[in-house]
Amino acid sequence: MNKLMKRRILIPVLAVVILVAGSGFKSDFFEIAKQIEIFTTLFKELNMNYVDETNPAELMDTAIKNMLDELDPYTKFLNEQDVEAFKINNAGEYSGIGALVRSYKDKLLVVEPYKGYPADKAGLRAGDEIIKIGDIAVADFDDNASELLKGANNTSVKVTYKRQGETLTATIERGAVEVDAVPFYKMVDDRTGYIVLAKFNAKASGQTKEALVDLKDKGAEKIILDLRGNPGGLLSEAINVTNLFVDKGELIVTTKSKVKKFNREYKTKNKPVDTEIPLVVLIDGGSASASEIVSGGLQDLDRAVIMGARSFGKGLVQRPLKLTYGTQLKVTISRYYTPSGRCIQSLDYWNRDEAGNAVRNTTFNEFTTRNGRKVKDGGGVMPDVEIAATKANELTSALLGDHVIFDFATDYYYNNKVDNVDAFSFSGTDYGNFMDYVQQSDFSFETKTEKVLKATMTDREETIYNTTIENDFKTLLLDIEKSKIVALETFQNEIQKKLEDEIIKRYFYREGLYDYYLHHDEAILTATELLGNAGKYRSILE
């Protein structure tokens, strides 16, 4: 058969293959191409013909963000700066001033300076409001002004800031900042070790292993692993942390996706440190993603008692996909499932209510752990032992979200002297002062009941709606407002814990807060007590 004949046969065969392969694509493929063409022509005509000058980059940025907002909150477009921040967060190392800051239009608020790092050495404190960086006023800077604080090691930046009404200046010499995955570990008593795992960056499993080995060398025969407030991070590190306590070859996570290559089983690959040591894992509503992989996996394998409050409920996996010009798309590619087969995703972003909010799962399926214990999916990891003080509630969340607790802690710090962490005590009088502070502030939050009542008053039916009914509604709203003040007393324990956390950090940094926890935190005290009762510990797992 000559070459020409071979080509004639090959071409039809390839055509058939392409046709068959093409038919395997979703019909969406053609719709996508159509919509891209429509958008391209629209974008071009808009920029060419709009009455005023447009900024194409800003228009496109807005278009992309609005498109992604229709999906879940974890699918995001990352520009070049975002990509760099993403890498820093996962690596746990960067160069800067060493402080957590919150951005506003006219200022940067120092939320937490890290002990011994540049901002701390320069005298900055939590609550300081940076209004000027070098010669640039924060209010005049269009982008995120916190970018101006970043820079190479040993370079300086001058900041102007306000503190308690006084305007001050400081020169900060930037330096290398290491973000520890394990910021603290210590012996609680002669036989119990305590490890705080704050995030799942590239250092997580290595630092957890170092802490575990060191505590065992110091006599630890039982371990408390604290994942409260840990927002997650790298999936691989979650597997490796779990591996410290379970044998090699254990299935920890299964991911399922519409894209076949993302369907995977993740098993432990390393030799464990200790598969027998009694273990309690602490979680709360701030424990998410990788934290839930660890706590859910250890729970399903009956390797640890999970204690605290229901976790956040993020059962979605993201992967960064490279785009052009150094940008990326961080996209949700799959759902993950714990060893028992449950997905702990709490919010359904693909079925929203009338207001456009994701619907929270209320129907749960039952699964069994290795020992046959009953566990459920769809709402985060439920602890085996609940601790009331770790539970979130609407009022506490609102006080934190509106930064009322933060602002009170700032005032408390400048008006009270505390010499050492053991001497700290937040009295009933102090809490009374906080209640007065809340009532005198601009703080307000709307309950679900208020929203319904106000909507009813707005959408009233005139034929049956009269002045008496309207007055009844207003009276009810007034009663709800009064009940919020009462709620400050009802939820005192939960709110006071958040106050103490914030205040102690002002005096003794985060390290001092963890030291305080060892002898004052309800969850740690309960965990220590449980680990001291071998029979009760075993009975929970069996």
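A salt bridge here is a side-chain nitrogen of Lys or Arg within 4 Å of a carboxyl oxygen of Asp or Glu. Buried means under 20% relative accessible area, exposed means over 50%, and partly exposed is in between, with a 1.4 Å probe and protein chains only. Lys and Arg count as positive, Asp and Glu as negative, and His and the chain ends are not counted.

What you see above is a predicted model, in which local features need pLDDT of at least 70 and side-chain atom pairs count only at pLDDT 80 or more, while totals for chains, interfaces and linings use all residues. Residues are numbered from 1 along each chain as its sequence is written, and side-chain values use heavy atoms, with hydrogens and water left out.

I will start with E237. E237 sits in helix 7, residues 235-243; helices (H or I, at least four residues) and strands (E, at least two) are DSSP runs, numbered from the N terminus. E237 is buried but has no salt bridge. Which side chain of opposite charge is nearest to E237? That is K203, 11 Å away. What the side chain of E237 does reach is the backbone nitrogen of A204, at 3.4 Å. A polar contact is a pair of N or O atoms within 3.5 Å; within protein, one must be able to donate a hydrogen and the other to accept it, and residues adjacent in sequence count only if both atoms are side-chain atoms.

Now K203. K203 forms a salt bridge with E178, with the closest N and O atoms 3.5 Å apart. This pair links distant parts of the chain: K203 is in the loop between strand 11 (192-196) and helix 6 (204-217), and E178 is in strand 9 (residues 175-178), 25 residues apart. K203 counts as buried because its relative accessible area is 16%, and E178 counts as partly exposed because its value is 45%.

Next, E250 and R370. Their side chains meet in a salt bridge, 2.9 Å from N to O. The two are 120 residues apart, with E250 in the loop between helix 7 and strand 13 (251-256) and R370 in the loop between strand 21 (366-368) and strand 22 (374-376). E250 is at 17% relative accessibility, so it counts as buried; R370 is at 53%, so it counts as exposed.

E386 and K391 also form a salt bridge, at 3.4 Å from N to O. E386 is partly exposed at 43%, and K391 is partly exposed at 40%. How many salt bridges does the structure hold? It holds 24. D226, R228, K497, D501 and D521 are linked in a network of them.

D274 is buried, at 14%. A polar atom of its side chain lies 2.9 Å from the backbone nitrogen of E276.

Last, the surface. Patches are made of residues with over 30% relative accessible area and no salt bridge, with like charges joined within 9 Å and nonpolar side chains (Val, Leu, Ile, Met, Phe, Trp, Tyr) within 5 Å. K261, R264, K269 and R319 form a positive surface patch. R319 lies in strand 17, residues 316-322, and is partly exposed at 33%. E58, D140, D142 and D143 form a negative surface patch. E58 is in helix 3, residues 56-69, and at 53% it counts as exposed.

Notes: Areas by Shrake-Rupley, 256 points an atom, 1.4 Å probe, with all protein chains shown as cover. Charge placed at Lys NZ, Arg CZ, Asp CG, Glu CD.
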